[in-house]
Amino acid sequence: MIRQPRDDPHAGWIAVLPPVAPAPPLMGEVRVATTVVGAGLTGLAIARRLAELRPDEPVAVVEAQRIGFGASGRNAGFVVDLTDFAAAMAPADRDRYLRVARFGIRCLAEMVAAHAIDCDWNEGGCLRAAAGEPGLRALARWPAWLDAAGARYLHLDAAATAAFTGSRFYRAALHLPDTITVQPAALVRGLARTLPAPVTVYEDSPVRRIRRLPAGGGRVGGGFRVETGAGTLLCRRLFLAANGYTPALGFLRRCASPRWSFGSLTRQLTEGEQAALGGERQWGVLPADPAASTVRRTRDQRLLIRNTFHYSAAPAVQPRVREAAATRHRRALAARFPALAGVPFEHTWSGLFSTSANGQPFFGELAPDLFSAAIYNFAGLAMGTAAGRLLADLAAGADSPTLADLRQLPPPTRLPPEPLRSLGGRRTVAKQNRQAGEFL
C-alpha cells in the first residue's frame with residue numbers, strides 16, 4: 001500500500017499567495033504516452049522537456065496534493081549551486097555537479113523570464129554567515145571551495161554584515177552575489193501554469209498503486225497502470241518525481257534518508273519595524289554554523305526563520321514536533337533581532353526532503369521505461385530542475401555534455417537495512433539539532 005503525503009496546511013509561502021480555484025482530479029481511465037508522478041520542480045521539468053522533444057505525445061502529471069504544496073513550495077527559496085555536500089566531493093565530481101546545477105539555474109532563469117513568472121526572483125545574492133567559532137572555522141574553508149568553483153564572493157566583517165542584515169548576531173560573512181532567491185510556491189505555480197499543451201496536470205490525485213502491464217491486449221506497449229483514487233492512467237513510460245516521497249512509492253528506500261525541516265514566516269513588518277531593523281530591504285542568510293538558522297527578509301517585508309531537523313519516514317509530522325520547532329524559531333528570531341522579538345509568526349510549517357549518505361543525487365532508469373530523479377541534498381531548486389529536464393533527455397535519447405556529467409556522478413551509497421537505518425537517522429538528526437546550541 002502506497003502511503004500518501006499529508007503535508008501540514010500551514011506553509012507560509014502558499015498562504016501568502018492568492019487562493020487558487022479547485023482543480024479537477026484524475027477521473028476514469030486515460031491513455032497517455034507518459035505519466036509523471038509528482039508536480040514539483042523535477043516533475044514539471046520532465047513534462048515540459050518531453051513536450052518540447054515530442055510535442056505529439058500526451059503527457060500526464062499526477063500530483064497527490066495541490067501545486068506548490070510539496071517540498072518545491074516549502075523550502076527556503078535559495079537557488080544555489082555549491083553546497084556543503086558538493087564542496088566535499090572529489091574535485092572532478094564537484095566540477096560535474098556544479099555544471100549540472102548551473103545548467104538548472106539557467107533553465108529556471110530562462111523560464112521565469114520567458115513566461116514572466118512573478119516569483120520574487122532576486123539576483124541580489126546571499127550571505128553565508130558565521131556567529132560562533134565553529135561557524136568561523138567552517139566559513140574559513142569556503143574561499144578555497146569558491147575559488148575552485150570559479151565563484152565570486154566578498155568578505156564581510158561583523159560591521160559590514162550588520163549593515164547588510166540589520167543584525168549584530170553575526171561575526172563574519174561571505175557575500176555570494178550569484179545566488180538567487182525566490183518565493184518557491186509562486187515559482188512552482190508559475191511553472192505549472194505555463195506548461196505547453198501536450199501536458200495535463202491532475203492535482204489532488206494521489207497514486208495508490210503502480211503496476212507494470214504485460215505487452216499486448218490492446219494496452220499501451222506493455223507499459224504501466226497508475227491508479228489514483230478515482231482514475232487510472234495507462235502509459236508507455238513512467239517517471240517518478242516525488243523526491244522525498246519516492247520511498248513511499250516503493251523505490252529508493254536504501255538510498256534516500258527522509259528528513260523534515262521547519263520554517264516560520266512573520267507577518268509583514270510595519271514601517272516602524274522596518275526602520276528599526278535597518279539594513280538592506282531584501283536578503284538571505286545561509287548559516288556557516290552547524291545546523292543553525294537560515295534567515296530571509298522577503299520582498300514583502302517578512303522575516304523567514306528556518307531551522308530544526310526531524311527524522312521520520314512517516315508521511316507527516318506530529319503537531320507537537322512542529323510546535324517545538326516554532327519555539328526554536330522564536331529563539332532564533334529574538335537572538336538576531338532583539339527589537340523585533342515580539343513580532344508574531346503567522347505561519348509555521350514542515351517540509352520533507354531527502355539526503356544521501358555521500359551527498360549524491362539519484363538519477364537514471366530504474367527498469368525499462370521507468371525513470372526517476374531524486375535526493376537533492378539541500379539543492380533541490382537547481383538540481384531538481386536540471387535533473388528533471390535531463391531525465392527527459394535520457395528517456396528520449398537526446399544526449400548532451402550536461403547529461404553526461406550527471407550520469408557520471410557516483411550513485412548514492414546504500415543505507416543500512418532497518419532498524420539500523422532509522423536508528424542512525426534519528427541519532428544524526430539529534431546530533432545536528434544539539435550542534436546548533438546558542439548559535440541556533
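**Close-up views of a predicted model**

**View 1. Asn 243 sits in the loop between strand S11 (231-240) and strand S12 (257-266).** Strands (E, at least two residues) and helices (H or I, at least four) are DSSP runs, numbered from the N terminus. The model is predicted, so to speak: local features need pLDDT of at least 70, side-chain atom pairs count only at pLDDT 80 or more, and totals for chains, interfaces and linings use all residues. Residues are numbered from 1 along each chain as its sequence is written, and side-chain values use heavy atoms, without hydrogens and water. Though not a glycine, Asn 243 has a positive phi of about 45 degrees. Asn 243 is buried, at 17% relative accessible area (buried is under 20%, exposed over 50%, partly exposed in between, with a 1.4 Å probe and protein chains only).

**View 2. Ile 375 lies in the loop between strand S18 (370-374) and helix H10 (380-396).** Here is another non-glycine residue with a positive phi, about 70 degrees for Ile 375. Ile 375 is buried, with 0% relative accessibility. For context, most residues other than glycine have a negative phi, and most peptide bonds are trans.

**View 3. A cis peptide bond joins Glu 418 to Pro 419.** Its omega is near 5 degrees. Look for Pro 419 in the loop between helix H11 (401-408) and helix H12 (420-436).

**View 4. Helix H2 (residues 41-53) gives the most to the lining of the largest cavity, with 4 residues.** Among the lining residues are Leu 41, Arg 48, Met 111 and Thr 385.

Note on methods: On a 1 Å grid over the protein atoms alone, a cavity is a set of points where a 1.4 Å probe fits but cannot get out, and a pocket is an open set with protein on both sides within 12 Å along at least five of seven lines; lining residues have an atom within 4 Å of a point.
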